[in-house]
Amino acid sequence: MISEKYGKVVKGLGGLFEVKLHNSDERIVCRAKGVLRRDEERVLVGDDVRVTVDAETPDGRVISEILERKNSLIRPPLANLDYLFIVFAAKRPAPVLETVDKLVAISVHNGIEPVVVVTKSDMDAALAESYADIYKKIKVTSFVTSSLVGVGADELRAYINENVKDGKTAAFAGASGVGKSTVMNTLFPELALATGEISRKIERGRHTTRHVELFPLSGEENCGFIADTPGFSLIDFERFDFFELDDLAYSFPELRSYRGSCRYADCAHVGESADDCAVARASELGEIPESRLASYRAIYKVLKEKKKYD
Ligand SMILES: Nc1nc2c(ncn2[C@@H]2O[C@H](COP(=O)(O)OP(=O)(O)OP(=O)(O)O)[C@@H](O)[C@H]2O)c(=O)[nH]1
Ligand SMILES: [Mg+2]
Ligand SMILES: [Zn+2]
């Protein structure tokens with residue numbers, strides 16, 4: 001007897017996938033058919049899939065189709081995201097805002113709502129607030145938290161409960177050791193995720209979380225899902241999801257309103273003088289945060305180089 005079931009992939013490890021069936025608590029473990037194990041068409045956590053079940057064969061559960069995706073990311077490897085919580089610490093590890101801004105740009109480019117979470121405010125509350133202010137200024141929802149002294153958890157939980165529902169999916173992403181798993185445990189203690197130490201010498205995380213996993217936020221039908229993901233290392237950014245140079249300015253939302261205001265229609269807003277470039281002018285006036293423009297220009301340079309060789 002062959003039957004078909006539909007569900008969402010919540011975990012994938014060593015060629016086996018765990019699928020939570022729609023409108024049910026039941027989870028089944030299955031493999032994926034050949035073509036769905038290859039690079040471009042690989043099954044991702046977050047995928048809605050059809051599973052073909054052959055009751056007569058052992059191993060007879062196979063993901064036979066990936067249903068249409070809203071979006072998919074390479075890092076973190078997830079499909080159908082609605083929200084990306086971009087997590088970085090006020091200190092230890094010190095944030096690299098260019099990396100944060102890459103994640104914001106990738107979210108915007110893929111139609112995913114970016115949300116910034118600054119952790120470890122107990123280490124330097126003023127610094128944590130100043131980071132959050134950068135993102136508030138450009139109208140990205142931002143939170144300041146400390147899992148150590150219990151700051152910000154109620155606000156963040158309320159935001160998640162209000163928005164991540166009706167089958168929507170959110171993921172926590174960021175460098176290793178910033179406290180992604182810790183903050184998720186503070187928000188939802190029943191998750192009981194493993195958390196790790198920070199190396200004293202190099203002030204980096206130790207890659208405690210090893211795989212992406214999606215957790216239903218309640219047992220209710222059509223609840224929301226949140227994912228914990230392994231922290232990035234710097235090398236990961238070499239193999240990042242990226243997009244065309246021409247799409248970059250659109251992925252920095254605060255630049256959009258200056259479109260058409262520079263002296264030259266094709267102004268790339270890189271290194272132009274404030275006389276010619278409305279973005280440079282806006283930055284001098286403090287309308288655009290300095291670090292954001294610096295990130296934009298750094299990413300521009302990388303994409304421009306890449307375009308040359310494509
Ligand atoms: N001072 C302070 N330390 C924190 C806070 N949140 C987490 N930590 C510590 O930071 C370290 C790393 O936390 P994790 O939650 O494992 O970090 P992660 O982002 O999940 O790291 P990976 O799984 O490797 O990506 C642990 O030692 C935590 O105790 C915080 O708010 N304040
Ligand atoms: Mg973790
Ligand atoms: Zn310009």
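Strand 2 and strand 3 form a hairpin in this predicted model, with five residues between the two strands; strands are DSSP runs of E of at least two residues, and helices are runs of H or I of at least four residues, each numbered from the N terminus. Within the turn, N23 has a positive phi of about 55°. Strand 2 (residues 16-21) and strand 3 (residues 27-32) run antiparallel and are joined by four bridges, two strands being taken to pair if DSSP finds at least two bridges between them. V19 has I28 of strand 3 as its bridge partner. Strand 3 is also joined to strand 5 (residues 61-66) by two bridges, in a parallel arrangement, and R31 stands opposite V62 in strand 5.

The model is predicted: local features need pLDDT of at least 70 and side-chain atom pairs count only at pLDDT 80 or more, whereas totals for chains, interfaces and linings use all residues. Residues are numbered from 1 along each chain as its sequence is written, while chains are lettered from A and ligands numbered from 1 in the order in which they are written.

The protein is divided into domain 1 (2-67), domain 2 (73-239) and domain 3 (245-309), with bounds from an automatic or database domain assignment. The C-alpha centres of domain 2 and domain 3 lie 27 Å apart. Eleven residues from domain 2 and eleven residues from domain 3 make the contact, which requires C-beta atoms, placed from the backbone, within 7 Å. On the side of domain 2 that touches domain 3, helix 1 and helix 2 (125-137) are the elements that give two or more residues, and helix 1 gives the most, with seven residues. This side comprises five nonpolar, one polar and five charged residues, where Ala, Val, Leu, Ile, Met, Phe, Trp, Tyr, Cys and Pro count as nonpolar, Asp, Glu, Lys and Arg as charged, and the others, Gly among them, as polar.

The axes of helix 1 (residues 97-109) and helix 6 (residues 290-309) come within 9 Å and cross at roughly 75°; axes are lines fitted to C-alpha atoms over the stretch in contact, and angles run from 0 to 180 degrees between N-to-C directions. Helix 1 is therefore roughly perpendicular to helix 6, a term covering angles of 65 to 115 degrees. L97, E98, D101, K102 and A105 of helix 1 meet S291, R292, S295, A298 and I299 of helix 6.

Around ligand 1 there are 24 residues, of which G179, T182, T195, T209 and G231 come nearest; a residue is near a molecule if its C-beta atom, placed from the backbone, lies within 6 Å of it. By class, five are nonpolar, 15 polar and four charged.

Definitions and conventions
Angles under 35 degrees count as roughly parallel, over 145 as roughly antiparallel, 65 to 115 as roughly perpendicular and the rest as oblique. Two residues are in contact if their C-beta atoms, placed from the backbone, lie within 7 Å.
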